[in-house]
Amino acid sequence: MPIQNADLHCHSIVSDGTLTPEELAARAAANGVQLWSLTDHDEIGGQQRAAAAARALGLKYLTGVEISVTFADETVHVIGLGFDEQDAQLREGLAATRGGRGARARDIAAGLAAVGIADAYEGALKYARNQELVSRTHFARFLVETGVCRDTGEVFRRYLVEGKPGFVPHRWATLKDAVRWITQAGGVAVIAHPARYRLSANEEYALFTDFKAHGGRGVEVVTGSHTPSEYVTYAETAREFGLAASRGSDFHSPGESHTDLGQLPFLHGALTPVWELVADRVR
Ligand code: AMP
Ligand code: MN
Ligand code: MN
Ligand code: MN
């Protein structure tokens, strides 16, 4: 039986999720997921726990990560799947990508302090179980806790996106490096949730063209960040650029995420599933 219920995108407490790798594995299995990957932001510290938990549940597993990239002045996310987690260059690249987060978090807090929100650095850090990975999500949780906003979506809209007081421009990894780290470690690189980026049509074309040229091989088509009409748009992009298609919920937290693990529609049968490209890496 070919795999249909693959969920190859979600986050644990190792980045900005609220569940442990073990809790996510159990939730994926309970929701009927057949092939799973934990893809924490810029960090693979949860991989051994995720793989072990999946094995204990009889759930197939691919190593995973979601790398933050700067392309055309926009932050773009590149998913890596099926890589060797011991690969030294990948580990160094991820450490370097994580490296700027501490100073950025202090700048975010300074921006918030300027509009009267005190102690946000300490507040966000309290939510970050991995102190190397303070993310905007942790600030959002703090601002909900303190009653500044009703939910994290409102925090992003009012405080954390470009033009707002807590937004800090940041240089992440280059597209070329991120794709290279993943592919040289034996994995496959996938553009995450392409509909989310504020890129012009020309910039998006350049993104996929450059991504292919660097060795990238997949695009997320069915994700919690896309509408059904965007599934169609990016299925067409996959066909146009000769990319395989991925499926993943981008689940972060039971209280926050609209899309649970394993609940999205399956990929259209005409697409090549990205997991077929790394079938030999499935554990
Ligand atoms: P960072 O890597 O610190 O820039 O944080 C990015 C994370 O913030 C994403 O991975 C999402 O989890 C979260 N995020 C981004 N935009 C939004 C939004 N509009 N609403 C809720 N969460 C968001
Ligand atoms: Mn996130
Ligand atoms: Mn993302
Ligand atoms: Mn994600």
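1. Two of the metals first. The manganese ion (ligand 4) and the manganese ion (ligand 2) sit 4.5 Å apart. The model is a predicted one, in which local features need pLDDT of at least 70, side-chain atom pairs count only at pLDDT 80 or more, and totals for chains, interfaces and linings use all residues. Side-chain values use heavy atoms, without hydrogens and water, residues are numbered from 1 along each chain as its sequence is written, and chains are lettered from A and ligands numbered from 1 in the order in which they are written.

2. The site of ligand 4. Which protein atoms hold the manganese ion (ligand 4)? Its protein donors are His9 (NE2), His11 (NE2), Glu66 (OE) and Asp250 (OD), at 2.1 to 2.2 Å. A donor here is an N, O or S atom within 2.8 Å of the metal (3.2 Å for Na, K and Ca); water is not among the atoms, so sites may look incomplete. The sequence spacing of these donor residues is H-x1-H-x54-E-x183-D. His9 and Asp250 link distant parts of the chain, 241 residues apart. His9 is in the loop between strand E1 (6-7) and helix H1 (21-30). Asp250 is in the segment after strand E8 (244-248). Helices (H or I, at least four residues) and strands (E, at least two) are DSSP runs, numbered from the N terminus. Both His9 and Asp250 are buried. Buried means under 20% relative accessible area, exposed over 50%, and partly exposed in between (1.4 Å probe, protein chains only).

3. The site of ligand 2. The manganese ion (ligand 2) takes Asp16 (OD), His41 (NE2) and His252 (NE2) as donors, at 2.1 to 2.2 Å. Along the chain the donor residues read D-x24-H-x210-H. Asp16 lies in the loop between E1 and H1, and His41 in the loop between strand E2 (35-36) and helix H2 (47-57), so this pair ties together parts 25 residues apart in sequence. Asp16 and His41 are buried.

4. The site of ligand 3. How far is the manganese ion (ligand 3) from the manganese ion (ligand 2)? They are separated by 5.7 Å. The manganese ion (ligand 3) is coordinated by Glu66 (OE), His77 (ND1) and His193 (NE2), at 2.1 to 2.2 Å. Its donors are spaced E-x10-H-x115-H. Glu66 lies in strand E4 (residues 64-71) and His193 in the loop between strand E6 (188-191) and helix H9 (201-214), so the pair ties together parts 127 residues apart in sequence. Glu66 and His193 are buried. Note Glu66: it gives an OE donor to ligand 4 and an OE donor to ligand 3.

5. Thr39. Look at the loop between E2 and H2, where Thr39 is placed. Thr39 is buried because its relative accessibility is 0%. Beyond its neighbours within four places in sequence, its contacts (heavy atoms within 4.5 Å) are Leu8, His9, Cys10, His11, Gly64, Val65, Glu66, Ile79 and Leu81.

6. Leu243. This residue is in the loop between helix H10 (228-241) and E8. Is Leu243 buried or exposed? Leu243 is buried, at 7% relative accessible area. Outside the four places on each side in sequence, Leu243 touches Phe208, Phe211, Lys212, Gly216, Arg217, Gly218, Val219 and Ala238. Glu220 is 23 residues from Leu243 along the chain, and their C-alpha atoms are 9.7 Å apart.

7. Positive phi. Two residues deserve a check of the backbone. Ala72 is not a glycine, yet its phi is positive, about 50 degrees. Ala72 lies in the loop between E4 and strand E5 (74-81) and is partly exposed, at 39% relative accessibility. Asp73 also has a positive phi, near 65 degrees. Asp73 lies in the loop between E4 and E5 and is exposed, with a relative accessible area of 64%.

8. The whole chain. The protein chain has 10 helices and eight strands. Its radius of gyration is 18 Å, close to the 19 Å that the globule rule gives for 283 residues, so the chain is as compact as a globular protein of that length. That radius is taken over C-alpha atoms, and the rule is 2.2 Å times the number of residues to the power 0.38. Of the 283 residues, 54% count as buried. Among contacts between residues at least 6 apart in sequence, 72% join residues at least 24 apart.
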